[in-house]
Each structure stands twice: as structure tokens, then as C-alpha cells.
Amino acid sequence: MQKGDLRAVCAVLAPDTRSELEETEKKACPVGIAAEQLPVGGPVSTVNVYGRQARVVFKSDTLFLSRFPDGWKVVAAGCVPESGRPYRCASKGG
């Protein structure tokens, strides 16, 4: 991923998700998101929208989004389902 791509990724993170990432990694978002080593999603297989919440399932990743006044933002990424439990996400807001 190129540096410009990392800034674009940071731009679509929800405020709490970005803050949590920067606090956890102790680095600015573009550097911190690279350290997370999130999977490259690949093609979209499913999109579910529930009011102001959404789940986007890719071949190699699942994202959870929320609708904000300025559009949809990623609230959790790097999510994998766990049998009988909620998803476990590598990057998420508080």
C-alpha cells in the first residue's frame, strides 16, 4: 500500500476508531494503520445495511460501518467471525 492510500484509509475511519488506533499504536494514523497489517479485502461478497449501521464482507475481511453526518465511516476492520460469539476485530473504536 502506498503512503497516499494510508491517508485515504485514515480519512474513512470513524473518529473513535482513528483515536483508538493512534492511542494503541502510539503513532499517527497512516503509520499506525500500516502497523495493524489489516488484510486486503478483495472483492465484496455481501453488504448488509441496518439503518445507520452496515456490514461489508469481502473475500478476506469484514468491515463494520456507521453513518455520520459527512457519510459512512469504518468503525471496525480486520474482523473475523468467531463461532457462537461476535466478530473479533483487529481495529475498532471504543
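A disulfide, as I use the word today, is a pair of cysteine sulfur atoms within 2.5 Å, and please keep in mind throughout that the model we are looking at is a predicted one.

The link is right-handed, with 110° about the S-S bond, and both cysteine 79 and cysteine 89 are buried.

Now to the other disulfide, where cysteine 10 is bonded to cysteine 29, again with an S to S distance of 2.1 Å. Here too the pair links distant parts of the chain, in this case helix α1, residues 3-11, which carries cysteine 10, and helix α3, residues 29-36, which carries cysteine 29, the two cysteines being 19 residues apart. The link of cysteine 10 and cysteine 29 is left-handed, with -100° about the S-S bond. Are these two cysteines buried or exposed? Cysteine 10 counts as buried because its relative accessibility is 3%, and cysteine 29 likewise counts as buried because its value is 0%, the cut-off for buried being under 20%.

Finally, if the bonded cysteines are counted along the chain, the disulfides of the protein follow the pattern 1-2, 3-4.

Methods: Residues numbered from 1 in each chain as written. Predicted model: local features only at pLDDT ≥ 70, side-chain atom pairs only at ≥ 80, totals over all residues. Heavy atoms only, no water. Helix = DSSP H or I, 4+ residues; strand = E, 2+ residues; numbered from the N terminus. Buried < 20%, exposed > 50% of the residue type's maximum accessible area, 1.4 Å probe, protein only.
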